[in-house]
Amino acid sequence: MQTRRIRIGTRGSELALAQARETRARLMSAHDMPEDAFEIVVISTSGDRIQDRPLSEAGGKGLFTKEIEEALYDGRIDLAVHSSKDMPTVLPDGLELSAFLEREDPRDAFIGKAAARIAELPEGATVGSSSLRRQALIRRMRPDLSVVMYRGNVQTRLRKLEEGVVAGTMLANAGLRRLGLADVITDLMDVDSFPPAPGQGAICIESRIGDSHIRSLLDAINHDETRIALSCERAFLAALDGSCRTPLAGHARIDKTEIHFAGMILTPDGTQAHEIAADGLITDAEIIGRKAGEAVRAKAGPGFFDSWA
């Protein structure tokens, strides 16, 4: 019999809280548990507090997970809910990604004020994004645009857009849908021409290795197809030592027993890009992602990275 509430750790943004509540709802449904069997614990992260400079200059992906993982490691929470695209490829000792919820639409969404689509923006218009990948892909599409760093949570970015700070911005379609804000989207980017970040659209749940009770609860809500796809994408990321400092994209799609992966690395100015595609059996998903990363790195050559790292 459950005697203590299960503590779910999360960041405090509206999107992070929506993801924590979705995880709680799935656990409640899977195990016929009441809402008061859970406690959502909000943890402030370095990534939330740093607003005066790009995260790529402050330390990268781990800034959104470090404090939450410390709470998990110390036993202050029982599980942690993250956006998969925020997760570093190497986890702290003793922690594991125990479950993935079924992936939402991974596409990027454009929200335009001056025009509905990037292609329709006036010459020299300003577009804001905090993602180096999105910045590079926008510059690749429209070298004439002024692409600027654009920090803040979803609501802050949308407010700044309305105030005319930028002519347009980009956010994950999945996040907007989870917040009930899909109506603000003016265009959805095609995954082939504007590929998403590895893990985009998927919620992952982290727990302590060896915590059999929590693991048994999470096993019931794990979506295996999402887990397999992300194992491929994260292996690609790891092979390239990917972080917030690296403009790269990767997306795996599963068709029955086969997996189809497409990846890309870019220079921050978008002028150079190298693409890779790989296919194989889902049982080899991680190997496929790793080999794709190694192949595209070799294709680009060391100078590609040295020129801007």
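This is a predicted model: local features need pLDDT of at least 70, side-chain atom pairs count only at pLDDT 80 or more; totals for chains, interfaces and linings use all residues.
1. Strand E12 (residues 258–266) pairs with E13 in the antiparallel sense, over 9 bridges. Two strands pair if DSSP finds at least two bridges between them. Helices (H or I, at least four residues) and strands (E, at least two) are DSSP runs, numbered from the N terminus.

2. Residues are numbered from 1 along each chain as its sequence is written, and side-chain values use heavy atoms, with hydrogens and water left out.

3. E12 and E13 belong to an open sheet of 3 strands, ordered E11-E12-E13, with antiparallel pairing. From one strand to the next, the twist averages 10°.

4. H9 lies across E11, E12 and E13, and runs at about 150° to E11. H10 lies across E12 and E13, at about 155° to E13. Axes here are lines fitted to C-alpha atoms, for helices over the stretch in contact, and angles run from 0 to 180 degrees between N-to-C directions.

5. How do the axes of H9 and H10 cross? The axes of helix H9 (residues 224–239) and helix H10 (residues 285–300) come within 7 Å and cross at roughly 30°. That makes H9 roughly parallel to H10 (angles under 35 degrees count as roughly parallel, over 145 as roughly antiparallel, 65 to 115 as roughly perpendicular and the rest as oblique). The crossing of H9 and H10 is right-handed, as the near helix is turned clockwise from the far one by less than a right angle.

6. Contact means heavy atoms within 4.5 Å. On the H9 side, the contact residues are Ile 228, Ser 231, Cys 232, Ala 235, Phe 236 and Ala 239. Those they meet in H10 include Ala 285, Ile 288, Gly 289, Ala 292, Gly 293 and Val 296. By class, the contact of H9 with H10 has 9 nonpolar, 3 polar and 4 charged residues. Ala, Val, Leu, Ile, Met, Phe, Trp, Tyr, Cys and Pro count as nonpolar, Asp, Glu, Lys and Arg as charged, and the others, Gly among them, as polar.

7. An open sheet of 5 strands runs in the order E7-E6-E8-E5-E9, with mixed pairing. Strand E7 (146–148) and strand E9 (187–188) are the edges, each pairing on one side only. Strand E5 (residues 108–112) and strand E8 (residues 168–172) pair in the antiparallel sense over 5 bridges. Ile 111 has Thr 169 in E8 as its bridge partner. Helix H6 (residues 154–162) packs on the sheet, touching E5 and E8, and its direction makes about 160° with that of E8.

8. Glu 96 sits in strand E4 (residues 95–100). Beyond its neighbours within four places in sequence, Glu 96 is in contact with Leu 91, Ile 205, Glu 206, Ser 207, Arg 208, Ile 209 and Arg 215.

9. The chain has 11 helices and 13 strands. The C-alpha atoms fill a box of roughly 65 × 45 × 35 Å, taken along the principal axes.
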